[in-house]
Amino acid sequence: MKNLFKKIKKKIYNYLNLDNKIKELERLIVRESDTQKILLGKLLTDNLFKKGTLKSIHEAEFSIFSQGGDDGIIQYLVSKIGCPKRFVDLGAGTYSQPDTRFLLQHNNWSGLAIDGSAVDSLKNSEYYSIFDIEAKQAFVTAENINDLVKGEVGLLNIDIDGNDYWIWKALKINPEIVIVEFNSFFGLKPITIPYRADFVRTKSDYGTIYHGASLTALCDLAEEKKYTFVGCSRQGINAYFIRKDKLGDLKSLTPEEGFVKASTKEHRDKNNKSYFMEHEEAINFFLKNAPFYNTRTNKIENI
């Protein structure tokens with residue numbers, strides 16, 4: 001029995017030791033992968049700066065950590081604008097594909113990442129202790145946003161898939177650059193979802209495309225807050241706004257000039273059933289009876 005116990009103990013030790021070695025190898029691969037990504041990003045950034053002033057921010061696009069070409073757009077805009085080297089990322093998720101991570105690791109900015117549930121992934125990451133980033137777990141509302149976000153901020157990224165319009169409207173800080181996810185399924189009408197502090201996209205009765213605001217609504221709000229619209233990402237997801245006193249030689253656009261239709265066609269209903277639809281089909285299927293707040297008439301209407 002004693003020998004058997006020793007054998008079992010040895011096998012457990014070997015298993016645990018192998019498991020630790022595998023985890024260490026995974027960490028090494030991640031570190032090496034990040035290093036290669038940053039080096040590639042540096043080359044792309046240097047090449048971008050050689051181009052000077054661009055006709056469109058689309059020409060700046062490249063992706064290192066971001067899902068679309070947002071890393072390149074952000075590099076271009078911060079190079080054109082003098083601003084505090086601190087960002088706030090609302091709806092940062094696990095921070096595996098955020099728009100601000102290249103800014104953190106390449107430009108050595110400081111940052112605050114806020115998410116309602118996923119900040120543990122960021123806190124447990126290899127780079128959390130190396131770079132100047134703080135993670136907060138909080139469900140962002142118009143009522144608590146100004147308690148969560150204070151101080152000087154150069155770039156604000158809003159991607160909460162819900163009350164994005166209302167959060168920006170309530171926010172008191174005035175960063176030089178604001179990035180807000182817009183909903184291209186809402187077209188060019190000046191509409192957003194009505195404000196509900198507890199809104200969760202995945203629990204909506206109108207499917208996962210019922211969230212956020214149209215590009216026009218965001219552009220109207222930008223005008224109120226003394227910002228100007230300079231373009232969208234090619235994926236039709238993020239809209240970019242510059243504070244008017246920092247516009248310089250960047251080109252201001254109307255919503256009609258800068259609108260880009262989102263390429264995604266995967267949608268889900270409140271039971272998490274997946275659908276693959278074209279743009280207009282999805283609007284008729286999910287949004288036909290959904291309530292919208294018209295930001296110009298201040299009335300509830302249907303799309």
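The legends below describe close-up views of a predicted model of one protein chain.

**Figure 1. Overview of the protein chain.** The secondary structure of the chain comprises nine helices and twelve strands. Of its 303 residues, 48% count as buried. Among contacts between residues at least 6 apart in sequence, 63% join residues at least 24 apart.

Figure 2. D99 is buried but forms no salt bridge. The nearest side chain of opposite charge belongs to R101, which is 12 Å away; a salt bridge would require a side-chain nitrogen of Lys or Arg within 4 Å of a carboxyl oxygen of Asp or Glu. The side chain of D99 does make a polar contact, at 3.0 Å, with the side chain of N238. Leaving aside residues up to four places away in sequence, D99 touches S66, D70, D71, I74, D89, N157 and N238.

**Figure 3. Strand β2 and its covered faces.** Strand β2 spans residues 110-115, and six of its six residues are buried. In a regular strand, side chains alternate between the two faces of the sheet. On one side of β2 lie S110, L112 and I114, and on the other lie G111, A113 and D115; all are buried.

**Figure 4. The parallel neighbours of β2, namely β1 and β3.** Strands of a sheet pair through backbone hydrogen bonds, in either a parallel or an antiparallel arrangement. β1 and β2 run parallel and are joined by five bridges. Within this pair, F87 stands opposite G111 of β2. The chain passes from β1 through α3 to β2, and this β-α-β crossover is right-handed. Five bridges also join β2 to β3, residues 133-137, and these two strands again run parallel. Here the bridge partner of L112 is E134 in β3.

**Figure 5. An open antiparallel sheet of three strands.** The strands are arranged in the order β6-β11-β12. β6, residues 191-192, and β12, residues 299-301, stand at the edges, each with a single partner strand, so one side of each is left without a neighbour in the sheet. Two bridges hold the antiparallel pairing of β6 with β11, residues 292-294. In this pairing, T192 stands opposite Y293 of β11.

Technical notes: Residues numbered from 1 in each chain as written. Predicted model: local features only at pLDDT ≥ 70, side-chain atom pairs only at ≥ 80, totals over all residues. Heavy atoms only, no water. Buried < 20%, exposed > 50% of the residue type's maximum accessible area, 1.4 Å probe, protein only. Lys, Arg positive; Asp, Glu negative; His and termini not counted. Polar contact = N/O pair within 3.5 Å; in protein donor to acceptor, adjacent residues only side chain to side chain. Contact = heavy atoms within 4.5 Å. Helix = DSSP H or I, 4+ residues; strand = E, 2+ residues; numbered from the N terminus. Pairing = 2+ DSSP bridges. Right-handed = clockwise from strand over helix to strand, strands pointing away.
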